[in-house]
Amino acid sequence: MKTYKNLYPKVYNLKNLTLAYKKARKGKTKKIYVKEFEENLAYNLKVLHDELKNQTYQPKPLETFILRDPKTRKISKSDFRDRIIHHALIKVLEPIFNKTFIYDSHANRKKHGTLLAIQRFEKFMRKVSKNGKINGWFNNNQVKGYCLKADIKHYFQEVDHKILLKILKKKIVDEKVIWLIKRILVSEKRDMRIYINKKGIPLGNLTSQFFANVYLNELDYFIKHKLKAKYYLRYVDDFVILHSSKSQVRIWKQKINLFLKENLKLKLHPDKSRIISLSRGIDFVGFRNFYYFKLLRKRNIKNMLNKIKKLKKGNISYNKFIESFQGWKAYANWANTHSLINKLILNFFNYK
């Protein structure tokens with residue numbers, strides 16, 4: 001296995017920090033904290049450079065808030081200067097680990113995402129069901145095949161730091177990079193010794209998204225290379241496995257649960273991990289996917305209806321709503337939602 005050393009100077013390189021700053025400010029140029037940082041940009045970047053180089057860098061405490069969309073989630077946001085460090089680190093590490101990720105790991109990766117995940121899922125359904133053929137004949141009334149639709153319980157809260165560091169060290173032998181990763185992992189604490197036996201990575205950080213993929217890459221390899229599951233897709237901690245045999249999927253589910261418990265100290269969510277017939281439709285990455293069509297999940301529709309209500313009450317601006325609606329409409333167009341979109345547009349124009 002190829003390992004990498006002497007990476008740390010690339011992280012604190014001023015050119016890398018400048019590029020990281022530009023990525024961190026993207027879409028946030030009007031924020032006060034960005035403007036304050038930019039008032040003395042060269043100096044602030046040089047300070048970050050020196051802190052990293054001298055290993056005196058200490059992240060600021062995370063800002064935590066609760067998001068209900070619709071389930072309650074605790075989101076932790078790092079200070080802007082710390083987000084620059086996150087981008088600088090990931091810019092160096094991502095090319096190394098991205099080469100090790102399986103093709104069908106689709107979250108937080110360039111040239112991947114929800115739409116490619118949906119396209120791959122549709123392709124897998126056709127393969128498993130033999131394009132709707134039963135005994136050599138097309139049958140539009142029945143779709144054969146099964147899907148393990150799985151979710152890992154409290155994933156971000158349960159990521160074990162010692163296991164994560166062990167995985168990272170398989171590729172990264174630069175101790176200073178590992179030092180920086182430890183600093184980030186315990187950014188809400190001041191005592192570096194706390195990281196031992198600690199678990200959990202905060203939702204909202206760029207580094208957490210990257211670490212999440214690195215951690216579950218172990219599961220990806222187990223499913224693809226040990227279980228030999230051909231039709232497998234993962235998006236963050238949600239994954240699906242398709243197969244023509246229900247009993248085979250049931251066996252895989254048991255083995256996956258055991259692997260998660262013994263190797264990653266995780267477990268499948270007992271209520272959200274089920275074996276479902278493909279004919280019933282599978283909820284995955286925001287859509288309910290049937291063989292011949294797909295629908296938006298009710299939660300996505302409800303969210304947009306709530307935004308229209310907020311617009312009518314004056315709780316959000318017209319421009320902000322239009323920006324949100326256009327993004328939602330582009331996403332919704334991938335489903336069979338023509339009538340629904342027209343209905344929502346009519347609802348919107350009634351406001352006007």
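Helices (H or I, at least four residues) and strands (E, at least two) are DSSP runs, numbered from the N terminus. This is a predicted model: local features need pLDDT of at least 70, side-chain atom pairs count only at pLDDT 80 or more, and totals for chains, interfaces and linings use all residues. Residues are numbered from 1 along each chain as its sequence is written, and side-chain values use heavy atoms, with hydrogens and water left out.

**Stop 1: helix H8**

Select residues 161-169. This is helix H8, and Lys-162 lies in it. Is Lys-162 buried, exposed or partly exposed? Its relative accessibility is 46%, so Lys-162 counts as partly exposed. The cut-offs are under 20% relative accessible area for buried and over 50% for exposed, with partly exposed in between (1.4 Å probe, protein chains only).

**Stop 2: the whole chain**

Zoom out. The chain has 14 helices and 11 strands. Of its 352 residues, 45% are buried. Take contacts (heavy atoms within 4.5 Å) with a separation of 6 or more: residues 24 or more positions apart account for 70% of them.

**Stop 3: the cavity**

Rolling a probe the size of a water molecule over the atoms shows where empty space is left. Here a cavity is a set of points, on a 1 Å grid over the protein atoms alone, where a 1.4 Å probe fits but cannot get out. Grid points are joined across faces, edges and corners, and a volume is the space filled by probe spheres set on the points. The count is 1 cavity of 30 Å³ or more. The largest cavity has a volume of about 40 Å³.

Select its lining (residues with an atom within 4 Å of a point): Ile-184, Leu-185, Ile-201, Pro-202, Asn-205, Thr-207, Ser-208 and Phe-211. Helices H9 (175-185) and H10 (206-226) are the elements that give two or more residues to this lining. H10 supplies the largest share, 3 residues.

**Stop 4: helix H13**

Select residues 318-332, helix H13.

Definitions and conventions. The expected span of a helix is 1.5 Å times one less than its number of residues. On a 1 Å grid over the protein atoms alone, a cavity is a set of points where a 1.4 Å probe fits but cannot get out, and a pocket is an open set with protein on both sides within 12 Å along at least five of seven lines; lining residues have an atom within 4 Å of a point.
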